Amino acid sequence: MRLYLVQHGEAVPKAEDPERPLTPQGRDDVTRVAAFARRAGVEVFGIRHSGKRRAAETAAILAEWLQPPGGVAVLPGLAPRDDVSPIADRLNRETQPLLLVGHRPFLDRLAGLLVTGDQERPAVQFQPGGLVCLERAAGSDAWSVRWAVTPELIP
């Protein structure tokens, strides 16, 4: 089972707009990463995101490129400071490839828990618009980092 984790794209500062939509650069970065993912053959059943605008906008751009048959939806529990354990438990039961769009420090802690068994041990460095692929062997709860890409790596 593959799991793709994406930190939302660059967002405007809260002081400028409390809703924090993506900046033009954030939209461009996510579009480049989404196009890369499609060229690389990434297939996901569904895209799930937090209820925050910047995550929803990031998910919508990814969905345009990846066309997940399970659609795009809000998944409660992906906010920046939420407990990662319920999501990790859910992912360990999942059989379809998923893409989650979220925030730091949530994504840092989730990847740490899945890969190292300890949410306080970093497994990967997230960056706005970046995409990380984790993989779990069939019949196992052991996850590993398969690959990662950041917007500046894609021309």
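The following legends describe close-up views of a predicted model.

**View 1. Helix α1 against helix α2.**
Helix α1 covers residues 24-39 and helix α2 covers residues 53-66. The two helices pack at an angle of about 30 degrees, and their axes lie 9 Å apart. The crossing in which α1 passes α2 is right-handed. On the α1 side, the contact is made by Arg27, Val30, Thr31, Ala34, Ala35, Ala37 and Arg38. These residues meet Glu57, Thr58, Ile61, Leu62, Trp65 and Leu66 of α2. By class, the residues of this contact divide into 8 nonpolar, 2 polar and 3 charged.

**View 2. Helix α1, its span and its buried residues.**
The 16 residues of α1 should span 22 Å at 1.5 Å a residue, and the distance of 23 Å between its end C-alpha atoms agrees with this. The buried residues of α1 are Gly26, Asp29, Val30, Arg32, Val33, Ala34, Ala35 and Ala37. Helix α2 and strand β5 (131-136) are included in what covers them. An α-helix has 3.6 residues a turn, so residues three or four places apart point the same way. Glycine 41 follows α1 and has a positive phi, near 85 degrees.

Alanine 37 is placed in helix α1. Its relative accessibility is 1%, and alanine 37 therefore counts as buried, the limit for that class being under 20%. When residues up to four places away in sequence are not counted, alanine 37 touches Val42, Leu66 and Leu131. Alanine 37 and leucine 131 are 94 residues apart in sequence, yet their C-alpha atoms are 8.6 Å apart in space. Leu66 belongs to the α2 side of the contact between α1 and α2, in which Ala37 also takes part.

**View 3. Helix α3 against helix α4.**
Helix α3 is formed by residues 85-93 and helix α4 by residues 106-116. Their axes come within 10 Å and cross at roughly 50 degrees. The two helices are therefore oblique to each other. The crossing in which α3 passes α4 is right-handed. In α3, the residues of the contact are Ser85, Ile87, Ala88, Leu91 and Asn92, and they meet Phe106, Leu110, Leu113 and Leu114 in α4. This contact has 7 nonpolar and 2 polar residues, with no charged residues.

Most residues other than glycine have a negative phi, and most peptide bonds are trans. The bond from arginine 104 to proline 105 is cis, with omega near 5 degrees. Proline 105 is placed in the loop between strand β4 (98-102) and helix α4.

Arginine 20 is a residue other than glycine with a positive phi, near 55 degrees. Its place is in the loop between strand β1 (2-7) and helix α1. With a relative accessible area of 23%, arginine 20 is partly exposed. Glutamine 67, although not a glycine, has a positive phi of about 45 degrees. Glutamine 67 is placed in the loop between helix α2 and strand β3 (72-74). At 57% relative accessibility, glutamine 67 counts as exposed.

How values were computed. Residues are numbered from 1 along each chain as its sequence is written. This is a predicted model: local features need pLDDT of at least 70, side-chain atom pairs count only at pLDDT 80 or more; totals for chains, interfaces and linings use all residues. Side-chain values use heavy atoms; hydrogens and water are left out. Axes are lines fitted to C-alpha atoms, for helices over the stretch in contact, and angles run from 0 to 180 degrees between N-to-C directions. Helices (H or I, at least four residues) and strands (E, at least two) are DSSP runs, numbered from the N terminus. A crossing is left-handed if the near helix is turned anticlockwise from the far one by less than a right angle, and right-handed if clockwise. Contact means heavy atoms within 4.5 Å. Ala, Val, Leu, Ile, Met, Phe, Trp, Tyr, Cys and Pro count as nonpolar, Asp, Glu, Lys and Arg as charged, and the others, Gly among them, as polar. Angles under 35 degrees count as roughly parallel, over 145 as roughly antiparallel, 65 to 115 as roughly perpendicular and the rest as oblique. The expected span of a helix is 1.5 Å times one less than its number of residues. Buried means under 20% relative accessible area, exposed over 50%, partly exposed in between (1.4 Å probe, protein chains only).
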